[in-house]
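Have the sequence and the 3D view open while you read.

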Amino acid sequence: MTHPIERFVTASNELLQRSMPFTMLCRDSSLQKDSIEEIKQWLKKIETKKREAKVRGDDDVANMLLSVGCALGAVLACIQMCLQLKNDQPHDAWRSLVYSQHAVTSAMRAHRACDNMAGLSEFLHEIEHQLFPPQVFASVGAKFSRAFCSICDSDYRDCNHITGRPYAGDFCSMVIRNSVVEEVSIVETPEDKACIVVSTADKNGRMLDRLSLLPSEDSNKDDD
Amino acid sequence: MNITVEEYLDVEAKSQSLGFELRGPICMLPNNLDELSSLEESIHFSSALTLVKLLEEASIPASIMEAEGGDRKYLVQKNVTWYGPVLLFAAAEIAQNPQLVSISLGVIANYLTDYFKGIPIGEQQVELSVVTERLRKTKTTETQSTRKFNYKGNVEGLRILEERILKECNDDSSN
């Protein structure tokens with residue numbers, strides 16, 4: 001007999017497979033919205049089960065649920081990107097794509113359950129180049145004197161947690177509370193692809209939005 | 001992949017002048033060691049903090065050359081490239097434990113394999129420096145020099161770096 005958590009993960013994977021076709025731009029928007037809603041409801045269940053696993057001290061299951069949740073989050077964001085593109089919201093669409101790429105990376109790091117997500121990762125990097133113009137990325141270099149652990153809140157030097165690794169359903173990261181920005185550079189491979197140059201001057205010196213090509217003052221950067 | 005080798009300053013003498021005692025098989029040197037007049041000015045990449053823990057997991061004690069409890073400075077770059085610290089392997093430690101370089105670079109490679117999951121292969125870049133000491137003995141003299149290996153490339157290339165370091169260490173011991 002299969003363990004309930006295995007059945008839940010299998011059902012999550014089935015939902016993932018069922019939702020994948022809606023990551024195509026041509027799909028009907030109302031079907032895509034339904035798919036987003038279904039994933040959102042399922043993510044709530046994942047959160048509940050993850051909390052339960054954490055309380056039980058079942059770190060492996062909590063990490064597996066973190067992984068599956070990230071994978072579904074990646075698909076959800078990709079469908080959202082399609083809707084935003086259809087709705088003339090290129091900046092929101094870009095941010096959704098970046099979130100989706102980040103989520104699939106997280107899914108693969110969190111647990112071996114999502115080791116097979118390389119195909120989705122490649123797909124997301126491919127659509128970055130097919131659906132959007134080449135971006136100009138900005139990246140920050142900063143200095144800090146002390147970092148804290150996001151898992152146990154102690155000084156990062158003093159605990160055993162390692163940044164980037166999952167612990168009982170959460171990733172460890174260094175929390176930097178006081179930093180001084182040293183430089184901002186234009187780079188090819190930023191950690192955060194959401195940091196992009198948003199406007200550029202045309203030959204008449206008029207500023208244009210780099211994604212929509214509308215004059216910058218007419219572009220609302222999709223912040224609605 | 002790119003490996004450059006350069007002659008480096010006398011780390012032992014520099015650390016003494018800064019009042020820092022080199023201890024343990026591996027020490028992470030400040031990025032700006034050659035410019036330092038006091039330890040308070042030292043700057044390390046933030047990866048040094050993580051690497052100390054990773055090496056400790058593999059039972060390799062490691063230290064960071066910096067001021068004790070004082071004003072420390074770490075540099076964080078919001079870039080996909082992993083900027084590793086400057087690792088000093090003391091000659092005596094390598095002689096005592098020839099596997100030290102292999103194990104340490106293996107620890108880094110394992111960590112980075114997870115770190116780069118889901119990142120396109122072309123974007124998986126590592127920058128890291130390794131400093132080793134060289135002791136040359138003749139019948140009448142004994143001279144020490146220090147070399148710095150600067151590595152830029154992917155995770156797999158760390159094996160080539162390891163081979164290059166070990167080859168030069170072996171060349172020294174056979175002289």
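What follows goes from each chain as a whole to the place where the chains meet, and ends with two single residues.

This is a predicted model, in which local features need pLDDT of at least 70 and side-chain atom pairs count only at pLDDT 80 or more, while totals for chains, interfaces and linings use all residues. Residues are numbered from 1 along each chain as its sequence is written, and chains are lettered from A and ligands numbered from 1 in the order in which they are written.

**The two chains**

Start with chain A, which has five helices and eight strands. Here helices (H or I, at least four residues) and strands (E, at least two) are DSSP runs, numbered from the N terminus. Reading along the sequence of chain A, you get α-α-α-α-α-β-β-β-β-β-β-β-β. Chain B also comes to five helices and eight strands, but its elements run β-α-β-β-α-β-β-β-α-α-β-β-α from the N terminus on.

Here are the overall numbers for both chains. In the table, a residue is buried if 20 or more other C-beta atoms lie within 10 Å of its own, exposed if 12 or fewer, and partly exposed in between, with C-beta atoms placed from the backbone.

| Chain | Span of the C-alpha trace along its principal axes | Buried residues |
|---|---|---|
| Chain A | about 70 × 50 × 30 Å | 35% of 224 residues |
| Chain B | about 55 × 40 × 30 Å | 35% of 175 residues |

How does the radius of gyration of chain B fit that of a compact globule? With 175 residues, such a globule would have a value near 16 Å, and chain B has 16 Å, so the two agree. That radius is taken over C-alpha atoms, and the globule rule is 2.2 Å times the number of residues to the power 0.38.

Next, contacts: two residues are in contact if their C-beta atoms, placed from the backbone, lie within 7 Å. Of the contacts in chain A with a separation of 6 or more, 62% are between residues 24 or more positions apart. In chain B, 72% of the contacts between residues at least 6 apart in sequence join residues at least 24 apart.

**Two domains in chain A**

Chain A is assigned domain 1 (4–131) and domain 2 (137–216), with bounds that come from an automatic or database domain assignment. Their centres, taken over C-alpha atoms, are separated by 22 Å. Where the two touch, 17 residues come from domain 1 of chain A and 10 residues from domain 2 of chain A. On the domain 1 side, α2, α3 (59–86) and α4 (90–110) of chain A each supply at least two residues, and α4(A) has the largest share with eight residues. By class, that side has eight nonpolar, four polar and five charged residues. In this count, Ala, Val, Leu, Ile, Met, Phe, Trp, Tyr, Cys and Pro are nonpolar, Asp, Glu, Lys and Arg are charged, and the others, Gly among them, are polar.

**Where the chains meet**

Now look between the chains: 23 residues of chain B are in contact with 28 residues of chain A. Which element gives the most to the chain B side? It's β5(B), with five residues.

Four strands form an open sheet in the order β6(A)-β1(A)-β5(B)-β3(B), with mixed pairing; two strands pair if DSSP finds at least two bridges between them. The edge strands, β6 (179–187) of chain A and β3 (43–45) of chain B, each pair on one side only.

A:T23 sits in the loop between α1 (4–19) and α2 (29–56) of chain A. Is A:T23 buried or exposed? It counts as buried because it has 23 C-beta neighbours inside 10 Å. Leaving aside neighbours within four places in sequence, A:T23 is in contact with A:V75, A:C78, A:I79 and A:C82. A:T23 and A:I79 are 56 residues apart along the chain, yet their C-alpha atoms are separated by 4.7 Å.

B:L128 belongs to strand β7 (residues 126–137) of chain B. Not counting residues up to four places away in sequence, B:L128 touches B:G84 and B:Y151. B:L128 and B:Y151 are 23 residues apart in sequence and 5.2 Å apart in space, C-alpha to C-alpha.
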